[in-house]
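Subject: Structure for you to look at

Hello,

Here is the structure I said I would pass on.

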Amino acid sequence: MKYCFPIAREEGLASEVFDHFGSAPMFLIVESRDGSTELVRAPARKDHGGCRPVQLLSPHSFDAMVVCGIGHGAICEISGMGRRVYLAAARTVAENLALLGEQALEECDPAGHCERQGQAHGHRHGVGVGGCGGHGHGFGAGRGQREGGVMGHGGCGHRVRGRG
């Protein structure tokens, strides 16, 4: 299978998964069978989602997206293309690929629900790492506060392994 990951710096499988799909400067598509990769750079933009990442990625071949944070609209668009959306639970692409192999990542459907609910709370406007939850401890506009006082886009209410 091919998986697509939003990243900030190209470091191959050691690349860290970027905090939010709509703001990612680039995407790494990985073939899980042989580890081959394809890099897709987002055009320069000034605002969140300004690069139209779903449209940018639509001509590229991949089966699923693995993200730390993503909005409901993007989940619907990606799912509408027959692709799945999983929530990253580790820092790097390689670590998340291993978790995918163990079927240990949560999948989100277009209704904004995960197969296994995380510990997030609050109402659902988007998805954050580790579980569905838009605002978590919320500030609005999809921002929330993770455990330990670390701000996170998507307000998931959890930490990613090795983060914050």
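The notes below go from the whole chain to the sheet, then to the helices and a few single residues.

Please keep in mind that this is a predicted model.

The whole chain

The chain has 164 residues, and 48% of them are buried. It holds three helices and eleven strands. Along the sequence, these elements come in the order β-β-β-α-β-β-α-β-α-β-β-β-β-β. If you take the contacts with a separation of 6 or more, 45% of them are between residues 24 or more positions apart.

The sheet

In what order do the strands of the six-stranded open sheet lie? The order is β3-β2-β1-β4-β6-β7, and the pairing is mixed. At the edges are β3 (37-41) and β7 (106-108), each of which pairs on one side only. From one strand to the next, the twist averages 30°.

With β7, strand β6 pairs in the antiparallel sense, over three bridges. Here Leu87 has Glu106 in β7 as its bridge partner. As background, side chains in a regular strand alternate between the two faces of the sheet.

The helices

Which residues of helix α2 (residues 72-80) are buried? They are Ala74, Ile75 and Ile78. Looking down the axis of α2, you will find these buried residues within an arc of 105°, so they line one face of the helix. After α2 comes Gly82, with a positive phi near 80°.

Single residues worth a look

Most residues other than glycine have a negative phi. Gln103 is not a glycine, yet its phi is positive, at about 55°. This residue is in the loop between α3 and β7. Is Gln103 buried or exposed? Its relative accessibility is 68%, so Gln103 counts as exposed, the cut-off being over 50%.

Ala14 is in another loop, the one between β1 and β2. With a relative accessibility of 47%, Ala14 counts as partly exposed, because this value falls between the limits of 20% and 50%. What is the separation between the C-alpha atoms of Ala14 and Arg91? They are 8.9 Å apart, although 77 residues separate the two along the chain.

Side chains and rings

Arg83 has its charged end over the ring of Phe62, at 3.8 Å from the ring centre. For pairs of aromatic rings, the count in this model is one. Such a pair is described by the distance of the centres and the angle of the planes.

Regards

Technical notes: Residues numbered from 1 in each chain as written. Predicted model: local features only at pLDDT ≥ 70, side-chain atom pairs only at ≥ 80, totals over all residues. Heavy atoms only, no water. Phe/Tyr/Trp six-rings, centres within 6.5 Å; stacked < 30°, edge-to-face > 60°. Lys NZ or Arg CZ within 6 Å of the ring centre and 35° of its normal. Buried < 20%, exposed > 50% of the residue type's maximum accessible area, 1.4 Å probe, protein only. Helix = DSSP H or I, 4+ residues; strand = E, 2+ residues; numbered from the N terminus. Arc of directions from axis to C-beta. Pairing = 2+ DSSP bridges. Axes fitted to C-alpha atoms, helices over the stretch in contact; angles between N-to-C directions. Contact = heavy atoms within 4.5 Å.
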